[in-house]
Amino acid sequence: MGDLNISDWIKNFPANFKWGAASSSYQIEGGYNIDGKGASIWDTFSNISGNTSRSETGNIACDHYHHFREDIDLMHKLGINSYRFSISWPRIFPDGRPDHINSPGVKFYDDIVDYCHQFDIEPIITLFHWDLPQVLEDQGGWFNPQTILYFERYAAWVSQHFSNRVTYFCTINEPQIISNLGYHLGIHAPGRHLDKERTITLLHQLALAHSKAVTAMRNSAQQDIKIGFASTGRLCYPHCPKGNALPLSSDIEAARSAAFTTNEDSWTFCHQIFCDAAILGKAPDFSSIGIAPWDDCETLCPAIDFLGLNIYNGSEVTADASGNPLFTPHYTGFPRTALKWPVTPAVMNYGLQFIYDRYHLPIFICENGLSCNDVVSLDGKVHDTNRIDFLNRYLIELGRAIQAGVDVRGYMHWSFTDNFEWHSGYDERFGLVYIDYPSQKRIPKDSFYWYKNLIREYKML
Ligand code: BGC
C-alpha cells in the first residue's frame, strides 16, 4: 500500500461509508429573532459587548436561514452523502416548553431535511449544539429538573416528527466543552464561573438529559433510529518512529492510559467522565480531584447505537522506565493551524483505537478540520493548501484505524462553510466553502474540490 497515498487507503473504507460535512445552528443560521424564534443563551451572550472577538454575534452569521437551498446545492456539488446539522431548540420551541410550537421554525428544518433528500444527502440531526433557550437558563438552566424534562420532551418531539425521514440523531454536542467553557471558564454562553464541583454536577445533569432523551426518542420514533452523542476530550498517541517501524508497545499503553486518566490537567477536557457514565454505566473516578463519584450511573446509560467523536488534535506520549506516561513537548516550529492548535494526524489512528477498545461502539467522526487564514486570491479562488494537507494526513490515519479494525462508519468534516466560531467570532475560518460575509457570497475553496474528488474516487471503487 502506498503509505502516503489517500487513494490507496480509501479502498479499505467500509461500504456505504458516510462522507459528510457538519455545521451547527447558532454558528450558521442567523435569523436570530425572526419568524417567532425565541432567544438562546448564545443570542444573549454574544450580544453583550466584549464577550466575543470584536463583539461579533451570530445574529446574521452565514444567513443560512435564507440561503439553505444554495448551501445544500453546494453540498450536492461536493458529492457528500450525509450532512450533520443541529436544530435550534428555541427556533422550534421559543420558550423551551414543548407545548408551544413555532411552525415557521418547524418548516425551516422540514425544508432542510426534504431538500437534502432530493439530492440523496442523509440528514443527521443534533438536538443540542449549545443554544439553550434563554428562558430556561433564567430558571436555573440544566440545574433545574424542569429543563431536563423539557429536553426530554423536545427530544421526543424531534424523533416523532423527523424519524420518518431521518435515521441518525446525536443528542448533545460535546458535553465536555459545554461544562468547561460555558460553566467553568465562562468564555462561552452562559458565561458562568462555577467551581469544580458544580461544573462536574453540570456535566452530570447533561448526562441525565442525554439518557432521558435517548429513551424518549426511541419510544417516539416512527421507525428504527440510530442514536448517539458527540464527545470530545484529550486523546493521546504513542511516539511513532519515522518510516514503517511500529511504536513501542510500552508507548502505546502509556498513551492509552494517559488518554483516560482523570486528573487536574484533564478533568474538564476528557472523554471518560461522560462516556464511562453514559455508555458503560460506570461511575467516573474523581478521587484524584477530590470529588465524590456519581451514584446513579447505571440509570444514565440506555443503549446507544454509535459514538460521535469530534477530533482535532492529540498529545504524543512515551513511557518512562516504569511505564508511566510522559507527554512529549512540542519542538520549536511544530505544525499548527491558524488557531494555533497542533496538527497531530496520528491521533486519528491511535485515539480511535483506544476509544473503540474501551467503548466498543461504531464510531462516526462527527467533526474534524482546522481553521486556516483563508483569503480570496486575485484569481477569485481560495487556495487553502494547508487544509488539503491536513485532510490528507488525517484521512490516511483514519484509514489506518479502519485497517486496525476500528468500526468507523462516517466522517463529517468540520465545517461545511466558514461560520461564527463562538468567542473567536469570525476570525477563524473552518469551512470547505468560504463565506464573504458582507455579500454572503459562497466560494468553494480548493479543499472543496479535493474532497469532492476523493468522494468521487470512493464512489467509483
Ligand atoms: C464544536 C464546534 C466548533 C469546533 C471548532 C467543536 O468544539 O463542536 O462548534 O466550531 O469545535 O472550534
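The largest pocket holds about 1200 Å³ of space. A pocket here is an open set of points on a 1 Å grid over the protein atoms alone, with protein on both sides within 12 Å along at least five of seven lines. Its lining residues have an atom within 4 Å of a point. The volume is the space filled by probe spheres set on the points, which are joined across faces, edges and corners.

The model is predicted: local features need pLDDT of at least 70, side-chain atom pairs count only at pLDDT 80 or more, and totals for chains, interfaces and linings use all residues. Residues are numbered from 1 along each chain as its sequence is written, and side-chain values use heavy atoms, with hydrogens and water left out.

The largest pocket is lined by 34 residues. Closest to its centre are Cys240, Pro241, Lys242, Ala346 and Glu397. Helix 13 and helix 14 (385-403) each give two or more residues to this lining. Helix 14 gives the most, with six residues.

The second largest pocket is lined by 37 residues. Ile177, Phe269, Tyr312, Asn313 and Trp341 lie closest to its centre. Helix 9 (175-184) and strand 8 (315-319) each give two or more residues to the lining of this pocket. Helix 9 gives the most, with three residues.

The table sets out volume and lining class. Ala, Val, Leu, Ile, Met, Phe, Trp, Tyr, Cys and Pro count as nonpolar, Asp, Glu, Lys and Arg as charged, and the others, Gly among them, as polar.

| Pocket | Volume | Lining by class |
|---|---|---|
| Largest pocket | about 1200 Å³ | 18 nonpolar, ten polar, six charged residues |
| Second largest pocket | about 840 Å³ | 15 nonpolar, 16 polar, six charged residues |

**The barrel and its helices**

Eight strands form a closed barrel in the order 1-2-3-4-5-7-10-11, with parallel pairing. The twist averages 25° from one strand to the next. Helices (H or I, at least four residues) and strands (E, at least two) are DSSP runs, numbered from the N terminus. Two strands pair if DSSP finds at least two bridges between them.

Strand 7 (residues 307-310) and strand 10 (residues 363-367) pair in the parallel sense over four bridges. Leu309 has Ile365 of strand 10 as its bridge partner.

Helix 10 (residues 196-220) packs on the sheet. It touches strand 3 (122-128), strand 4 (168-173) and strand 5 (226-231). Contact means heavy atoms within 4.5 Å. The direction of helix 10 makes about 160° with that of strand 4. Axes are lines fitted to C-alpha atoms, for helices over the stretch in contact, and angles run from 0 to 180 degrees between N-to-C directions.

Helix 13 (residues 347-359) also packs on the sheet, touching strand 7, strand 10 and strand 11 (408-414). Its direction makes about 130° with that of strand 10.

Key: On a 1 Å grid over the protein atoms alone, a cavity is a set of points where a 1.4 Å probe fits but cannot get out, and a pocket is an open set with protein on both sides within 12 Å along at least five of seven lines; lining residues have an atom within 4 Å of a point.
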